[in-house]
Amino acid sequence: MLLPSSHRSKPPLSKPIMESHSGDSLLIDSHSLDSSRYSLVGADLRFSSDLEEKLKKHNLDTHLPTLLIAECVLVYMTPQQSANLLKWAASTFPVAMFINYEQVNMTDRFGQIMIENLQRRQCNLAGVEVCRSLDSQKERLLLNGWETAHAIDMMKVYSFLPQADVKRIEGLEFLDEKELFEQLMQHYCICWASKDSSNLGILVFPENFYGS
Ligand SMILES: C[S@@+](CC[C@H](N)C(=O)[O-])C[C@H]1O[C@@H](n2cnc3c(N)ncnc32)[C@H](O)[C@@H]1O
């Protein structure tokens, strides 16, 4: 989770917040940022009760439809810790969607090299076991309280982009390492899960949506 102190020290992040809140009360300390319209809270995601307490202090209404996004964060927790977080989210928000972007296909040679490179930089991926495959990613969501789960790798996402735009942009910036780019894209995925106890319709995806 990005701490408010990072926002303060990075003008591209802090400037729009300051500008859009001129005239509003805006409280910032090293672990949180609070205003009537926007809050940022730093928390250790391994401890969901602390997280919930902090979010409630910032007036989170768990009954509103909620979108939760994790970007390369769950992989730093053990499978048990990320399962607990997902279970907490599924039981706390009656209508919600969880989007997770992180590594996948990590048991092949390329994945192993990614892990070794990170370990050499003292970066341990404690939860990499869940990043075995798209199925293991979906399974974690389904086993922890989410009603639907989908997962696709980023190469597939790339193939869904409008091809005319892809060709135009590839023409602007020549991609000389296409094979490496494709391998990298096959080792990251986007997963989305939902639950909809009020039947608002957020679970409705066409049959075989994106083949996932
Ligand atoms: C590869 S970065 C991804 C950045 C992330 N998408 C963001 O917006 O800050 C991994 C991030 O995971 C965070 N992280 C790792 N373990 C965490 C935990 N137990 N609780 C909260 N954040 C954690 C690290 O602080 C780091 O910022």
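What covers the buried residues of H4? I began with this question, and I kept in mind throughout that the model is a predicted one.

**Entry 1, helix H4.** I found that the cover over the buried residues of H4 includes helix H3 (48-57), strand S4 (66-71), S5, helix H6 (134-143) and S7. I then looked up which residues of H4 are buried, and these are Ser 82, Leu 85, Leu 86, Ala 89 and Ala 90. They lie on the same side of H4, because the arc they cover around the axis is only 130°.

Which residues have the most contacts inside the largest nonpolar core? That core has 25 residues, and I listed Leu 86, Ala 89, Phe 98, Leu 141, Trp 146, Cys 191 and Ala 193 as those with the most contacts inside it. At least two core residues come from each of helix H4 (79-92), strand S5 (95-103), strand S6 (148-153) and strand S7 (188-196), and S7 gives the most, with five residues. I followed Leu 141 individually and, leaving out residues up to four places away in sequence, found that Leu 141 touches Leu 86, Phe 98, Trp 146, Ala 149, Cys 191 and Ala 193.

I traced an open sheet of four strands in the order S4-S5-S7-S6, and its pairing is mixed. S4 and S6 stand at the edges with a single partner strand each, so one side of each has no neighbour in the sheet. Neighbouring strands here are turned by 10° against each other on average, direction ignored. Looking at one pair in detail, I saw that S6 and S7 are antiparallel and pair over six bridges, and that Asp 153 stands opposite Cys 189 in S7. I then asked where H6 lies relative to these strands. H6 lies across S5, S6 and S7, and runs at about 155° to S6.

I turned next to an open sheet of three strands, ordered S1-S2-S3 and paired antiparallel. Its edge strands are strand S1 (26-28) and strand S3 (39-41), each of which pairs on one side only, and neighbouring strands of this sheet are turned by 15° against each other on average, direction ignored. Three bridges join S1 to strand S2 (residues 32-35), and Ser 35 in S2 is the bridge partner of Leu 26.

Finally I looked up the totals: the protein chain has nine helices and seven strands, and 20% of its 212 residues count as buried. Among contacts between residues at least 6 apart in sequence, 74% join residues at least 24 apart.

Conventions
Residues numbered from 1 in each chain as written. Predicted model: local features only at pLDDT ≥ 70, side-chain atom pairs only at ≥ 80, totals over all residues. Pairing = 2+ DSSP bridges. Axes fitted to C-alpha atoms, helices over the stretch in contact; angles between N-to-C directions. Core = buried A, V, L, I, M, F, W, Y, C linked by C-beta atoms within 7 Å. Buried ≥ 20, exposed ≤ 12 C-beta atoms within 10 Å, placed from the backbone. Contact = placed C-beta atoms within 7 Å. Arc of directions from axis to C-beta.
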